[in-house]
Amino acid sequence: YCLGKNNFFSYPFVLFAFVLFYILFLIKKIIQSALGGGVIFSFDKYLVDFLLKFRISFLIKIFLGITFFGEIKTLLFFLLISIIFLYFKKEWKYLLILLFSFFSSGFVGYAGKILFERPRPENAYLIKTSFSMPSGHAVMAMTFYGFWTYFLIKQSKNWQKKVNVFFSGLIIILLIGFSRLYLGVHYFSDVLVGYLIGLFWLIAMIVVFRQLFLVKKSFWKKISFKFNIFKK
């Protein structure tokens with residue numbers, strides 16, 4: 001009964017709870033390896049040196065343009081437009097998912113920088129005063145563009161469109177993360193942890209608000225049914 005279709009703790013909720021715990025496990029392992037001198041730490045150093053060899057003015061301009069779409073000022077502007085759009089569409093569930101995932105992931109990402117105090121890579125093209133882990137661009141790109149990928153897939157009825165939307169969203173998210181690596185402002189593990197933090201909060205908010213709205217609908221249906229019986 002507790003895992004019933006119309007209860008909060010339904011089968012999808014339990015399934016995604018395991019997924020969320022696994023994401024947390026991955027985040028822990030990556031951080032331990034990156035900060036503890038493990039395999040990921042070595043790969044971080046190697047990739048920074050490797051990409052530095054290919055840093056040319058033409059590609060720098062391209063990736064500066066790409067990284068612009070992960071800037072907090074840009075995303076806040078897009079967020080405002082998104083709020084207005086979802087409000088007038090009366091998509092309350094999706095509006096709550098976007099708001100809670102956006103600010104929750106942003107807060108956790110910022111707290112992570114303060115907690116880990118990881119210095120930025122040397123020879124970065126952009127000078128940043130904040131700490132390196134996790135990548136704020138990766139966190140917010142996964143949360144914001146991941147949300148719109150999810151929303152547009154849910155709205156599409158054609159499977160071809162769903163696939164196109166999925167890969168378009170994935171490419172945007174990956175390009176923003178790679179732009180941070182190419183410009184030398186983050187290590188690979190910073191971006192990876194950022195992606196996982198964003199993914200965690202996005203999935204968590206989708207599941208929670210999906211279940212809340214599902215339970216709410218079920219509740220009102222029961223109330224309506226009992227009321228109709230009483231009238232008879």
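User: How many salt bridges does a search of the whole structure find?

Analyst: This is a predicted model: local features need pLDDT of at least 70, side-chain atom pairs count only at pLDDT 80 or more, and totals for chains, interfaces and linings use all residues. Residues are numbered from 1 along each chain as its sequence is written, and side-chain values use heavy atoms, with hydrogens and water left out. A salt bridge here is a side-chain nitrogen of Lys or Arg within 4 Å of a carboxyl oxygen of Asp or Glu. Across the whole structure, the search finds two.

User: Which residue forms a salt bridge with Asp190, and which residues does the network join?

Analyst: Asp190 pairs with Arg118, the closest N and O atoms being 2.8 Å apart. Shared partners make one network of Asp44, Arg118 and Asp190.

User: Are Arg118 and Asp44 buried or exposed?

Analyst: Their side chains meet in a salt bridge at 3.0 Å, N to O. Arg118 sits in the loop between H5 and H6 and Asp44 in helix H2, 74 residues apart. Buried means under 20% relative accessible area, exposed over 50%, partly exposed in between (1.4 Å probe, protein chains only). Both residues are buried.

User: Which side chain of opposite charge is nearest to Lys113?

Analyst: Lys113 belongs to helix H5. Lys and Arg count as positive, Asp and Glu as negative; His and the chain ends are not counted. Lys113 is buried yet has no salt bridge. At 7.2 Å, the nearest such side chain is Asp190.

User: Why is Phe166 called partly exposed?

Analyst: Phe166 is found in helix H7. Phe166 is one of the residues making a nonpolar surface patch of about 780 Å². Patch members have over 30% relative accessible area and no salt bridge; like charges are joined within 9 Å, nonpolar side chains (Val, Leu, Ile, Met, Phe, Trp, Tyr) within 5 Å. Phe166 is called partly exposed because its relative accessible area is 41%.

Notes: Areas by Shrake-Rupley, 256 points an atom, 1.4 Å probe, with all protein chains shown as cover. Helix = DSSP H or I, 4+ residues; strand = E, 2+ residues; numbered from the N terminus.
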